[in-house]
Amino acid sequence: MPQRILVISDIHANVTALQSVINDAGSVDGVWCLGDLVGYGPDPADVIHTIRALPNLVCLVGNHDAGAIGQIELASFNRDARITVEWMQKELSEDDLAYLKSLPEKVTLPEFDVTLAHGSPRNPVWEYLLDTFTAQANFKHFKTKICLVGHTHLPVAYYYPNGSRSVDWKLILPEDDLKIESRSIINPGSVGQPRDHDRRASYAILYPELMRWEIHRVEYDIASVQERIRAAGLPERHAVRLAGGW
Ligand code: ZN
């Protein structure tokens, strides 16, 4: 049986979406989490505890995790983000914060020919890969065949088409079964706050020996998450956007 790796990113304190993803994925040989466990959502502690219990886990730090542990000046956040960070710092225990502090920014797994980063291999915590120019410039910042990133909340792949010197990209839909032929930078989409106008939680299964990549989308109880966002006094916008997937 080829190994199945569950690849998740941008959970954003949405434990309901995370639990749906874990149930839907079924049995896996490992879990790679590309960061942003917290921020926006109502369940930062529950998400940290659930992630930590996953088998053969590799977990990275994201920009919202860096905010929670005070690595970013609060003044540099917009008002909604600042309210969330201040609330989150009260919700998380010393142990939760120590866990976030322990997370690496970028990991190379040579045995799988894979590099992991939250945003990009060049600037792991912060850079957004939203266009082919930025993606192309990033290919020299990792040596493995593929690099997996999150941060934009969009399930896309940047890759070199056969024989081409310029990077192309495509959106990966749930029914696609992507065979990774050439060097690629691939994003599993977001578990807890998808932004491609499909509100379902997004995750990927990688078969590393086969270099096959599947995107899966799964429904979860959005209304219950919205209720907890409102009960916690978090910004209304964080609740509304979950229903529209933006
Ligand atoms: Zn994020």
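## Ground rules

Because the model is predicted, local features need pLDDT of at least 70 and side-chain atom pairs count only at pLDDT 80 or more, while totals for chains, interfaces and linings use all residues. Residues are numbered from 1 along each chain as its sequence is written, and side-chain values use heavy atoms, with hydrogens and water left out.

Helices (H or I, at least four residues) and strands (E, at least two) are DSSP runs, numbered from the N terminus.

## The sheet with β1, β2 and β3

Let us start with an open sheet of 6 strands in the order β3-β2-β1-β11-β12-β9, whose pairing is mixed; two strands pair if DSSP finds at least two bridges between them. β3 (57-59) and β9 (177-179) are the edge strands, each with a single partner, so one side of each has no neighbour in the sheet. From one strand to the next, the twist averages 20°.

Within this sheet, β2 and β3 pair in the parallel sense over 3 bridges, and W32 stands opposite V58 in β3. Helix α1 (residues 15-25) lies across β1 (5-8), β11 (201-207) and β12 (212-218), and runs at about 35° to β11.

## The sheet with β4 to β8 and β10

Another open sheet is formed by 6 strands, ordered β4-β5-β6-β10-β7-β8, again with mixed pairing. Its edges are β4 (106-109) and β8 (168-171), each of which pairs on one side only. Here the twist averages 15° from one strand to the next.

Strand β6 (residues 146-148) pairs with strand β10 (residues 184-186) in the parallel sense over 3 bridges. C147 has I185 of β10 as its bridge partner.

α1 and α2 pack at an angle of about 20°, with axes 9 Å apart; axes are lines fitted to C-alpha atoms, for helices over the stretch in contact, and angles run from 0 to 180 degrees between N-to-C directions. The two helices α1 and α2 are therefore roughly parallel (angles under 35 degrees count as roughly parallel, over 145 as roughly antiparallel, 65 to 115 as roughly perpendicular and the rest as oblique). V15, L18, Q19 and I22 of α1 meet D46, V47, T50 and I51 of α2, where contact means heavy atoms within 4.5 Å. By class, this contact has 5 nonpolar, 2 polar and 1 charged residues (Ala, Val, Leu, Ile, Met, Phe, Trp, Tyr, Cys and Pro count as nonpolar, Asp, Glu, Lys and Arg as charged, and the others, Gly among them, as polar).

Helix α2 (residues 44-52) also packs with helix α5 (residues 94-102), at an angle of about 60° and with axes 11 Å apart. That makes α2 oblique to α5. On the α2 side, the contact uses A45, I48, H49, I51 and R52, and on the α5 side D95, D96, Y99 and L100. These residues divide into 5 nonpolar, 1 polar and 3 charged.

## Helices α7 and α8

Helix α7 (residues 222-231) and helix α8 (residues 236-244) pack at about 175°, with their axes 9 Å apart, and are therefore roughly antiparallel to each other. I222, V225, Q226, I229 and R230 in α7 touch E236, H238, A239, V240, L242 and A243 in α8. The α7 and α8 contact has 7 nonpolar, 2 polar and 2 charged residues.

## An aromatic pair

A search of the whole structure finds 3 aromatic pairs (rings of Phe, Tyr and Trp, its six-membered ring, pair if their centres lie within 6.5 Å; planes under 30 degrees apart count as stacked, over 60 as edge-to-face and the rest as tilted). The ring centres of W32 and F112 are 5.2 Å apart and the planes are at 70°, so this pair is edge-to-face. Because W32 lies in strand β2 (residues 30-33) and F112 in the loop between β4 and β5 (114-117), the pair ties together parts that are 80 residues apart in sequence.
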